[in-house]
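User: I have a structure open and would like to talk through a few of its features. Can we start with the strands and then move on?
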Amino acid sequence: MEEYDAVVIGAGVGGLSAAVLLAKEGMKVLVVEKEDRVGGRALSLRGEELREKGSAWYRRLLTGQYCWLAEARPGLEEMAGSGTLDGYVLDLGYHGVSVAGEGYFAHLRDLIGGYGSRRVVIKPFLTGSWIGGEFYREPPLSRSTDVDEKIQAELDRLGKNYLDFFGKLLAYTPEELEELDRVSLHDHLVNIGFAESGVLYDYFRCIGTLITTINDPHDISIGDILRYSSQVLAPTILKGGEVYVGGFTEGGVMAWPEAVAGRLRDLGGELLLGSEVRRIEMEGNAVRGVVLGKDGEEAFIRSPRVIFNPPVQELFRFVEEKVFPRDFARRVKSLYGYGSVNPYIGLSGLPVPEEHARRLMKTPCVVPRSEGFSWDVYMAWNIQSFIEPTCAPAGKHLFTAYLPLTEQESRDRELVMKVVRAVPDFLEGIYPGFRECIDWELYTVCTRLEGVAKSVTQAGSLKPDVMVPGVAGLYLAGDTARGYGVAMDCACSSGILCAQAITGRDYGLR
């Protein structure tokens with residue numbers, strides 16, 4: 001029986017962020033991960049792994065991260081046997097990194113003194129929108145007022161300013177932002193007069209969905225958007241230089257969690273891969289440690305602190321529900337996530353203009369809500385290899401995208417297949433000749449792209465706190481606990497808040 005100051009369940013972005021900060025404070029830390037690699041839902045795989053390990057391995061990997069395979073063309077078994085994906089690097093789902101790594105990722109990097117000798121390169125991309133059959137260019141964030149002429153014309157017609165969307169920006173108090181967590185994007189656009197223009201409404205709805213991965217503007221929390229803008233985007237812009245919406249990680253998104261895991265080891269922390277936590281052991285209402293299981297054997301690891309990194313909805317599989325306050329248990333069981341269809345398409349050439357290829361493109365509707373969806377299905381897409389060439393073989397290109405769905409829609413195969421069928425038709429309509437360039441297609445589905453959706457009932461300050469009430473020594477990290485920002489940045493900020501709660505140190509987040 002070994003003893004640690006803290007055990008972290010799951011080597012996802014949130015768990016690693018908390019663990020590395022605790023290790024830096026001199027605590028003895030163990031991170032336990034059931035997969036053979038770090039990253040959680042932010043993991044990567046080489047195409048050669050499909051050929052070497054087979055299609056069943058890939059399906060199991062998807063299942064372990066709340067994903068499933070909807071369609072493969074040619075079939076997955078044929079792809080595995082023929083090495084179709086050799087030379088490609090696929091992230092598990094769509095993984096553009098917020099602010100090209102200069103948001104909460106950079107904040108953590110600075111707190112831990114960098115990654116040692118490990119190299120993490122995140123290639124930035126521009127953004128653009130496709131609305132009503134027209135292209136709208138978007139500049140770097142650091143030149144956000146240099147908007148597309150067509151958008152400016154709409155703003156001029158209404159007597160509005162682009163920055164009206166952000167309100168007071170740097171002057172928001174934490175209390176005001178917590179109130180805004182409960183305000184929808186739709187209501188915000190109505191309040192500032194932008195809803196009077198269909199183009200402006202769709203344009204800013206695309207921005208809102210990009211940040212929250214929610215289709216319905218009535219459910220999108222404006223508080224989460226404005227908090228990220230005021231606490232991350234604006235300060236980053238004020239540092240000077242060009243600031244971008246996002247970027248892709250050289251060698252796959254997993255390079256970042258691997259670098260953090262390496263830094264964890266530098267600082268004396270331990271990482272145990274391929275082992276699963278069976279349960280969290282309690283002594284009354286206090287954490288006593290965890291029980292690990294592997295190859296039919298069990299081992300008890302003693303620790304007065306456990307950080308839970310899987311989705312919080314999974315917590316009662318590890319600790320009996322009766323241990324927790326009734327209100328907390330009820331709240332956790334009411335939380336819902338948001339899913340997505342994630343297409344990967346291998347291309348023999350570049351069927352899109354370079355003006356689009358260098359951007360993350362967004363459109364408000366690929367499949368209309370009349371097809372049985374709660375709202376029009378949005379899509380964001382990239383020619384990822386144009387921005388970050390190491391993800392595709394020489395002379396080939398990798399198209400990646402995500403189309404948000406509610407958690408229920410992402411589990412409904414009939415609805416999912418409507419999306420799968422619509423994607424190539426939509427792309428061919430914008431880029432004639434796109435179909436002729438397709439070598440292969442994979443359509444994975446993530447049922448928890450966002451473990452807790454950034455909605456008006458559960459965004460930001462409305463998420464469960466990192467300190468679990470009524471249970472001494474139990475903490476939460478990851479995108480389902482209190483944290484801010486887009487996707488992985490949200491998980492990273494949650495990990496920082498978790499470490500802050502344990503150590504009592506001020507890491508600059510509230």
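**Strands, a helix pair and a cavity**

User: What order do the strands of the four-stranded open sheet have?
Analyst: In this predicted model, the open sheet of four strands runs in the order β1-β14-β13-β12, and its pairing is mixed. The edge strands, each pairing on one side only, are β1 (2–3) and β12 (276–283).

User: In which sense do β13 and β14 pair?
Analyst: Strand β13, residues 286–294, pairs with strand β14, residues 297–302, in the antiparallel sense over six bridges, and V290 stands opposite I301 of β14.

User: Switching to helices, how do α1 and α17 cross?
Analyst: Helix α1 (residues 13–24) passes α17 (residues 487–503) in a right-handed crossing, with the axes coming within 7 Å and crossing at roughly 35°. On the α1 side the contact is made by V13, G14, S17, A18, L21 and L22, while the residues from α17 include M488, A491, G495 and I502.

User: And how many of those contact residues are nonpolar, polar or charged?
Analyst: The contact of α1 with α17 comprises eleven nonpolar residues and four polar ones, with no charged residue.

User: Okay, cavities: how many of 30 Å³ or more turn up?
Analyst: A search of the whole structure finds one cavity of 30 Å³ or more, and the largest cavity has a volume of about 30 Å³.

User: Which residues line the largest cavity?
Analyst: Its lining consists of V352, H356, A357, R359, M361, W381, N382, I383 and Y431, which divide into six nonpolar, two polar and one charged.

User: Which element gives the most to that lining?
Analyst: That is β18, with three residues, and the elements giving two or more are α13 (354–357), β17 (359–367) and β18 (377–383).

Key
Residues numbered from 1 in each chain as written. Predicted model: local features only at pLDDT ≥ 70, side-chain atom pairs only at ≥ 80, totals over all residues. Heavy atoms only, no water. Pairing = 2+ DSSP bridges. Axes fitted to C-alpha atoms, helices over the stretch in contact; angles between N-to-C directions. Left-handed = near helix turned anticlockwise from the far one by under 90°. Contact = heavy atoms within 4.5 Å. Nonpolar A, V, L, I, M, F, W, Y, C, P; charged D, E, K, R; others polar. 1 Å grid on protein atoms, 1.4 Å probe; cavity = no way out; pocket = protein on both sides within 12 Å on 5 of 7 lines; lining within 4 Å. Points joined across faces, edges and corners; volume = space filled by probe spheres on them.
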